[in-house]
Amino acid sequence: MKLSRNELKKLMKNKLMQAGLHEEDAEITSEIMTWSDERGLHSHGTVRMEYYCERIFKGGITLEPVYTYKETGPCSAILDGDNGIGYAVATKGMEYAIEMAKKNGVAIVGMANMSHSGAIGYYTEMAAKQDLLAISFCQSDPMAVPYGGTEPYYGTNPISFAAPTADERLVLFDMATTVQAWGKILDKRSRHETIPADWAVGKDGLPVTDPDLVNALVPIAGAKGYGLMMMVDIFSGVLTGVPFGKHVSSMYYDCSKGRELGQMHIVMDPARFCGLEQFKERMSQVCDEINAIKPAHGFDKVYWPGERAVERIRKQYEMGGIEVVDEIYEYMKSDDIHFDRYDHKNRFAD
Ligand code: NAI
């Protein structure tokens, strides 16, 4: 099933409202989930709809959240999201950070008590579209072993940064700090295929290739990725006052309770450093020079981060719209809100 941007966003928005979300939060959430699907980040698009609806319906997301902003200095603030939907909390936090960075040059805004906020590149892109440089980090539920360990302690803890250029290009980097997402292991399980030995470990902390034996994911680049996932958790969890490390709530454990997650946005005005115009021109030069590098054997081109997503968006629309799995389309059109598929599930359950 292929849908236009407007059709998909409207379907998602209506469904989220049917589950109980109010219109403004449903508007923000459906916009960001559409943004994810249209650029090929299907892991953070329609595939999550039923889970979110179950959580909204069962009370695990505050439907009328009271946001509390506390400005703790000229460049720092904390936003308590009252366990509202993460997409809206992260968006409000970024809007606040953008205004603060425009005024004071730098803004560090922590968000506490929120639910899952999806693909976090959306928020850094918001800042770059306003000629600012941004980084964002957020925690997720413990699924990865610290380097050399046997038990999960950290989540897939993503990192994103975005920067403007002097033209229409926008550099947008956005990644999990684990080699693979849990969804990829489930996919391999369902196909009865093996997984590469560098994706995950079993109960003894050693690599496994049988997806049924996976006990935890592994950090990217061994001890180096482990350091990065720890950094994400320190900035977005330890520092914001919410549960951290292995104490972070599991996505599926209890859909009737708020998740108490944390996120951190850091926004900087390039005008306070080398100057805005100079920064943007230098960023354009970076992109040009990267594109001019001769590709290695087997590669068609050397891309800057975010460039392939632009191509994917263009191709999806040329091919008739955003691809939505038929079953999910039927679900979004139906009167059903959820089928009790997620509540109280173990994070490693399928
Ligand atoms: P990925 O592996 O698809 O891409 C990572 C980065 O590498 C992207 O910025 C992409 O632009 C860049 N990239 C990929 N191929 C490239 C190439 N050939 N040349 C230049 N750059 C290239 O991303 P991953 O790790 O699978 O993450 C997917 C999404 O999941 C992200 O949006 C992330 O925010 C989200 N996520 C959200 C979590 C949450 O709890 N909210 C947890 C974990 C991930």
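**Exercise 1. Find which backbone nitrogen lies 2.9 Å from a polar atom of the Gln139 side chain, then decide whether Gln139 is buried or exposed.**

Step 1. The backbone nitrogen is that of Gly262, 2.9 Å from a polar atom of the side chain of Gln139. A polar contact here is a pair of N or O atoms within 3.5 Å; within protein, one must be able to donate a hydrogen and the other to accept it, and residues adjacent in sequence count only if both atoms are side-chain atoms.

Step 2. Now look at Pro243: its backbone oxygen lies 2.8 Å from a polar atom of the Gln139 side chain.

Step 3. Place Gln139 in the fold: it lies in the loop between strand 5 (133-138) and strand 6 (159-164). Strands (E, at least two residues) and helices (H or I, at least four) are DSSP runs, numbered from the N terminus.

Step 4. Gln139 counts as buried because its relative accessibility is 2%. Buried means under 20% relative accessible area, exposed over 50%, and partly exposed in between (1.4 Å probe, protein chains only).

A word on the model: it is predicted, local features need pLDDT of at least 70, side-chain atom pairs count only at pLDDT 80 or more, and totals for chains, interfaces and linings use all residues. Residues are numbered from 1 along each chain as its sequence is written, and side-chain values use heavy atoms, with hydrogens and water left out.

**Exercise 2. Work out which strands pair with strand 4 (residues 106-114), and in which sense.**

Step 1. Start with strand 3 (residues 76-84), which runs parallel to strand 4 and is joined to it by 6 bridges. Two strands pair if DSSP finds at least two bridges between them. Ile78 has Gly110 of strand 4 as its bridge partner.

Step 2. Turn to strand 10 (residues 261-268): it pairs with strand 4 in the antiparallel sense over 8 bridges. Here Ala107 is partnered by Val267 of strand 10.

Step 3. Check the cover: 7 of the 9 residues of strand 4 are buried.

**Exercise 3. Locate Val238 and say which surface patch it belongs to.**

Step 1. Val238 lies in helix 7 (residues 223-238). With 45% relative accessibility, Val238 counts as partly exposed.

Step 2. Together with Met230, Ile234 and Phe244, Val238 forms a nonpolar surface patch with about 310 Å² of accessible area.

Technical notes
Patch = residues over 30% accessible without salt bridge, like charges linked within 9 Å, V, L, I, M, F, W, Y side chains within 5 Å. Areas by Shrake-Rupley, 256 points an atom, 1.4 Å probe, with all protein chains shown as cover. Salt bridge = Lys/Arg side-chain N within 4 Å of Asp/Glu carboxyl O.
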